[in-house]
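Subject: Structure for your review

Dear colleague,

Please find below the structure that I am handing over to you. I would be grateful if you could read the notes that follow with the model open beside them.

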Amino acid sequence: MKVEIIEKDDQYVLNHCTKYLARDSSDARHDFGQYEPGDPRAAVCEAWRFPVVDTHWDGVGARTSFAFNDVTFVYDGRAAFPESVSVVGTFAPLHTLVPLRPVLFARRPTGFFAATVRIAKGQVHQYKFAVDGAYVLDPVNPQQTVADNGRTWSRLFTDACSVPLTLSRVERDLLGRLVRHLLPFRLEENRRFVREVYESIDRGARGTEFPLSYQLDEEVGTVNYIDKVLARQERQHAVDYHICLDLIGDVLRSRFGGLDPAVAPPELYADLYAQMAAERVDGWDYGRYHSPRYFLLLLRRHAMTGAFAHPRHGGNSGAAGWMYLESRFRDAAGDTLFDWRRAVEEPLGHSTDYRG
């Protein structure tokens, strides 16, 4: 497995770093109390953006570029100015060190080190930095994972990843039932449309469109989208899902004779939603989570976003959500009012300007 280094100029790196790393860490109000004193992430705006997962452009065309991301690893060495920084990870052959180069501004060292690697979409990887020979976790990236040998590594995942990262199988099964009743696909004619979209994508097209066309769940990948949002940009809400899915499972199980709530009838879910909206859920442990309505609103926001966001975020699998809107909204002549293909690149669309 050869590592392909992508050349990015200093301006590219600094454009990302200045927005997210150039905060005044002396102001304690900036970290909102989510990190311990001295934690480097307390001085970072949106630490989840590191490493930078960006679109890949090979200079040839969208179809040959589409299956990859450019992942830029950035190490902030302004405190010690190390002599050498490298990154090692599962995206490269075992023990291969990929050197990070010093980032300059006006021909002077900034203290930042960076390297950009081409990585296929839909993957999860572990990595560490080697700083003057000592292996350390990424001090900025909040994502971490524990390997089989008990060692902790920093983690990253590329666009359209379908590997479960946050939620257990039981949680995902229950979440699938919950979002099914929040999305417009629950009507039989709409569910049939979504099924036909998936069934119309042959194996060759799936290979071309990579994981974006896989049928991840009946809700066009919404469960997968939520799993990825909780792993990265909204990881603070993971605890909400763990607690509330457990509470909802207990409530539904008690109302369904102790059976698996994932197979409970739709009426039970409809009653539960009404009670959650009214903040009056019989059997809810308010000592563990005081507002079921808050979680319902959070779930609705995530469900709608996951169904209709760009497929690279893990939902809207195969652009099925966009195809649904395309079919629903038409003018008097029968032409669609939602021509999404004009706005995105191949192989999903036909825009020559947009590159993901």
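The notes below set out what was found, beginning with the conventions used.

This is a predicted model, in which local features need pLDDT of at least 70 and side-chain atom pairs count only at pLDDT 80 or more, while totals for chains, interfaces and linings use all residues. Residues are numbered from 1 along each chain as its sequence is written, and side-chain values use heavy atoms, with hydrogens and water left out.

Overall composition

The secondary structure of the protein comprises 10 helices and 10 strands. Helices (H or I, at least four residues) and strands (E, at least two) are DSSP runs, numbered from the N terminus. The protein has 356 residues, of which 48% count as buried; buried means under 20% relative accessible area, exposed over 50%, and partly exposed in between (1.4 Å probe, protein chains only). Among contacts (heavy atoms within 4.5 Å) between residues at least 6 apart in sequence, 64% join residues at least 24 apart.

Helix α3 and its surroundings

Helix α3 covers residues 169-180, which is 12 residues. From its first C-alpha to its last, α3 reaches 17 Å, close to the 16 Å expected at 1.5 Å a residue; the expected span is 1.5 Å times one less than the number of residues. Buried residues in α3 are Glu 171, Leu 174, Leu 175, Gly 176, Arg 177, Leu 178 and Val 179. The cover over these buried residues includes α6 (222-231), α7 (238-255), α8 (266-277) and α9 (292-308).

Thr 116 in strand β6

Strand β6 spans residues 108-120 and contains Thr 116. Thr 116 counts as buried because its relative accessibility is 3%. Its side chain makes a polar contact with the side chain of Thr 72, at 2.8 Å. A polar contact is a pair of N or O atoms within 3.5 Å; within protein, one must be able to donate a hydrogen and the other to accept it, and residues adjacent in sequence count only if both atoms are side-chain atoms. Leaving aside residues up to four places away in sequence, Thr 116 touches Glu 4, Ile 5, Ile 6, Lys 8, Asp 70, Val 71 and Thr 72.

Grid points are joined across faces, edges and corners, and a volume is the space filled by probe spheres set on the points.

The whole structure holds four cavities of 30 Å³ or more. The largest cavity contains about 120 Å³ of space. It is lined by 15 residues, and those closest to its centre are Thr 55, His 56, Phe 66, Glu 345 and Arg 355. This lining divides into five nonpolar, five polar and five charged residues. Here Ala, Val, Leu, Ile, Met, Phe, Trp, Tyr, Cys and Pro count as nonpolar, Asp, Glu, Lys and Arg as charged, and the others, Gly among them, as polar.

The largest pocket has about 440 Å³ of space. Of the 23 residues that line the pocket, Trp 48, Arg 49, Val 53, Asp 159 and Arg 232 lie nearest its centre. Two or more lining residues come from each of α1 (10-20), β2 (52-55) and α6, and β2 gives the most, with four. The pocket lining consists of 10 nonpolar, seven polar and six charged residues.

Backbone details

Most residues other than glycine have a negative phi, and most peptide bonds are trans. The bond from Phe 50 to Pro 51 is cis, with omega near -5°, and Pro 51 sits in the loop between α1 and β2. The bond from Glu 346 to Pro 347 is also cis, with omega near 5°; Pro 347 is in the segment after α10 (320-328).

Glu 279, which is not a glycine, has a positive phi of about 60°. Glu 279 lies in the loop between α8 and α9 and is partly exposed, at 30% relative accessible area. Asn 316, likewise not a glycine, has a positive phi of about 50°. Asn 316 is in the loop between α9 and α10 and is buried, at 0%.

Yours sincerely,

A colleague

Key. On a 1 Å grid over the protein atoms alone, a cavity is a set of points where a 1.4 Å probe fits but cannot get out, and a pocket is an open set with protein on both sides within 12 Å along at least five of seven lines; lining residues have an atom within 4 Å of a point.
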